[in-house]
Amino acid sequence: MKKFTFAAIAAVAAVMYSCGNGAPKANLRSDVDTVSYAIGMAQT
């Protein structure tokens with residue numbers, strides 16, 4: 001049970017560390033780019 005707990009804590013720490021940078025900024029030049037980006041974000 002101790003191995004499972006340690007593995008779970010390590011996995012959560014790894015996930016939180018990898019998500020620290022945030023999403024990159026998108027270069028939206030036109031309305032079509034904006035709508036396409038919004039649709040893609042809604043589907044993810």
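This briefing describes the fold, the surface and selected residues of one protein chain. The model is predicted. The protein chain has 44 residues, and buried residues make up 0% of them. Its secondary structure consists of two helices and zero strands.

**Overall surface**

- The protein chain has an accessible surface of about 4400 Å².
- Carbon and sulfur atoms account for 67% of that accessible surface.
- Leu28, Tyr37 and Met41 together form a nonpolar surface patch of about 270 Å².

**Helices and the loop between them**

- Helix α1 covers residues 2–18, and a loop lies between α1 and α2.
- Helix α2 covers residues 31–43 and includes Tyr37.
- Asp33 is also placed in helix α2.
- Ala26 belongs to the loop between α1 and α2.

- Tyr37, one of the residues in the nonpolar patch, has a relative accessible area of 34%.
- Ala26 and Tyr37 are 11 residues apart along the chain, and their C-alpha atoms are separated by 8.2 Å.

**Asp33 and its surroundings**

- Asp33 shows a relative accessibility of 31% and therefore counts as partly exposed.
- When residues up to four places away in sequence are not counted, Asp33 touches Asn27 and Leu28.
- A polar atom of the Asp33 side chain lies 3.3 Å from the backbone nitrogen of Arg29.

Notes: Residues are numbered from 1 along each chain as its sequence is written. This is a predicted model: local features need pLDDT of at least 70, side-chain atom pairs count only at pLDDT 80 or more; totals for chains, interfaces and linings use all residues. Side-chain values use heavy atoms; hydrogens and water are left out. Patches are made of residues with over 30% relative accessible area and no salt bridge: like charges are joined within 9 Å, nonpolar side chains (Val, Leu, Ile, Met, Phe, Trp, Tyr) within 5 Å. Accessible areas come from the Shrake-Rupley method with a 1.4 Å probe; for residues, only the protein chains shown count as cover. A salt bridge is a side-chain nitrogen of Lys or Arg within 4 Å of a carboxyl oxygen of Asp or Glu. Helices (H or I, at least four residues) and strands (E, at least two) are DSSP runs, numbered from the N terminus. Buried means under 20% relative accessible area, exposed over 50%, partly exposed in between (1.4 Å probe, protein chains only). Contact means heavy atoms within 4.5 Å. A polar contact is a pair of N or O atoms within 3.5 Å; within protein, one must be able to donate a hydrogen and the other to accept it, and residues adjacent in sequence count only if both atoms are side-chain atoms.
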